Amino acid sequence: MGTPDFAVPVLEKLSNNFQIIGVITQPDRPSGRGRKLIPPAVKVSAESLNLEVFQPQDVNSKSSLDLIKSWNPDLITVAAFGQILSPTLLALPRFGCLNVHASLLPRWRGASPVNAAILENDTVSGVTIMKMAEGLDDGPILTQESTSIQPQETAGSLSDRLSVIGADLLVKTIPLYISGEVQTQIQDQSKTTYAQMLKRGDGLLDFNQSAEQLARKVRAYSPWPGTFTYWDDQRLIIHQAQAINVTSPGSGVFTRYESLPAIGTGEGLLALNILQQAGKRKNTGKEFLHGSTDWPGE
């Protein structure tokens with residue numbers, strides 16, 4: 001069970017090592033200006049592997065459960081699927097359900113662990129293989145693998161790395177789990193933190209925060225939901241930015257720093273390296289200033 005790009009390496013690695021009897025993913029969703037139905041990344045991968053694909057609106061419905069029962073699975077693996085599994089479904093496979101979670105649990109349970117790790121300036125992230133229970137990411141831990149978060153890493157690049165780490169770790173863990181060689185570890189509830197589900201509007205920057213906080217937010221929300229502000233009554237999408245440790249002209253004051261557009265913050269300047277006006281292509285900060293002579297500053 002999986003849906004986005006993060007789950008694709010997991011599916012591919014599993015297919016090279018085990019018999020997959022079915023793939024469950026979210027329904028196709030409308031996207032873009034034409035609202036064309038776009039299949040999930042996992043569906044595209046599964047079809048290329050000639051695997052049976054099931055896309056239920058509700059994986060816990062009677063019809064869904066009946067289909068999964070007919071497959072008679074020994075084990076269900078889950079990676080960024082996007083639906084909560086009911087107790088009935090969790091108990092259906094002989095060996096239960098294992099989840100590939102993109103954090104070192106119990107830190108960053110929830111929907112957006114990679115984003116949260118970067119936003120909160122964590123230096124280390126990782127992947128947990130967990131036996132699923134009824135609560136949110138609170139099942140016993142089977143195995144974990146950590147990795148350093150690089151200084152300029154975005155949520156997108158870290159997620160890509162964690163998906164490969166998770167795929168490898170899952171394939172190593174399954175035989176140990178089935179044979180009983182790996183011991184489960186109960187999560188330390190006192191160390192639990194939660195990563196909330198992100199919404200598109202969460203990317204609006206608050207320039208009362210420090211430039212360091214805002215630069216992390218730009219990285220944490222790349223590629224989705226993205227970060228933005230408003231200039232000239234238009235949305236200005238900020239794809240890449242850096243914190244500059246100089247005196248701020250004031251929170252939200254538009255200015256320049258060397259050859260880049262910049263915005264004053266609660267502490268320091270946020271220099272904009274790559275940005276995009278609504279309806280236009282991406283530009284480097286230098287290119288943007290060449291075409292935007294009314295941007296304030298010298």
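Across the whole structure, a search finds 7 salt bridges. The model examined here is predicted. Among these salt bridges are the pairs Asp 168 with Lys 13, Asp 74 with Arg 94, and Arg 161 with Glu 153. The points below take each pair in turn.

**Asp 168 and Lys 13**

- The side chains of Asp 168 and Lys 13 form a salt bridge, with an N to O distance of 3.0 Å.
- This pair links distant parts of the chain, 155 residues apart: Asp 168 belongs to helix α6 (residues 155-179), while Lys 13 belongs to helix α1 (residues 8-17).
- Asp 168 is partly exposed, at 27% relative accessibility.
- Lys 13 is likewise partly exposed, its relative accessible area being 32%.

**Asp 74 and Arg 94**

- Asp 74 and Arg 94 form a salt bridge in which the closest N and O atoms are 3.8 Å apart.
- Asp 74 counts as partly exposed because its relative accessibility is 44%, which falls between the cut-offs of 20% and 50%.
- Arg 94 counts as exposed because its relative accessible area of 64% is over 50%.

**Arg 161 and Glu 153**

- A salt bridge joins the side chains of Arg 161 and Glu 153, at 2.9 Å from N to O.
- Arg 161 is partly exposed, with a relative accessible area of 28%.
- Glu 153 counts as buried because its relative accessibility of 7% is under 20%.

Key. Residues are numbered from 1 along each chain as its sequence is written. This is a predicted model: local features need pLDDT of at least 70, side-chain atom pairs count only at pLDDT 80 or more; totals for chains, interfaces and linings use all residues. Side-chain values use heavy atoms; hydrogens and water are left out. A salt bridge is a side-chain nitrogen of Lys or Arg within 4 Å of a carboxyl oxygen of Asp or Glu. Helices (H or I, at least four residues) and strands (E, at least two) are DSSP runs, numbered from the N terminus. Buried means under 20% relative accessible area, exposed over 50%, partly exposed in between (1.4 Å probe, protein chains only).
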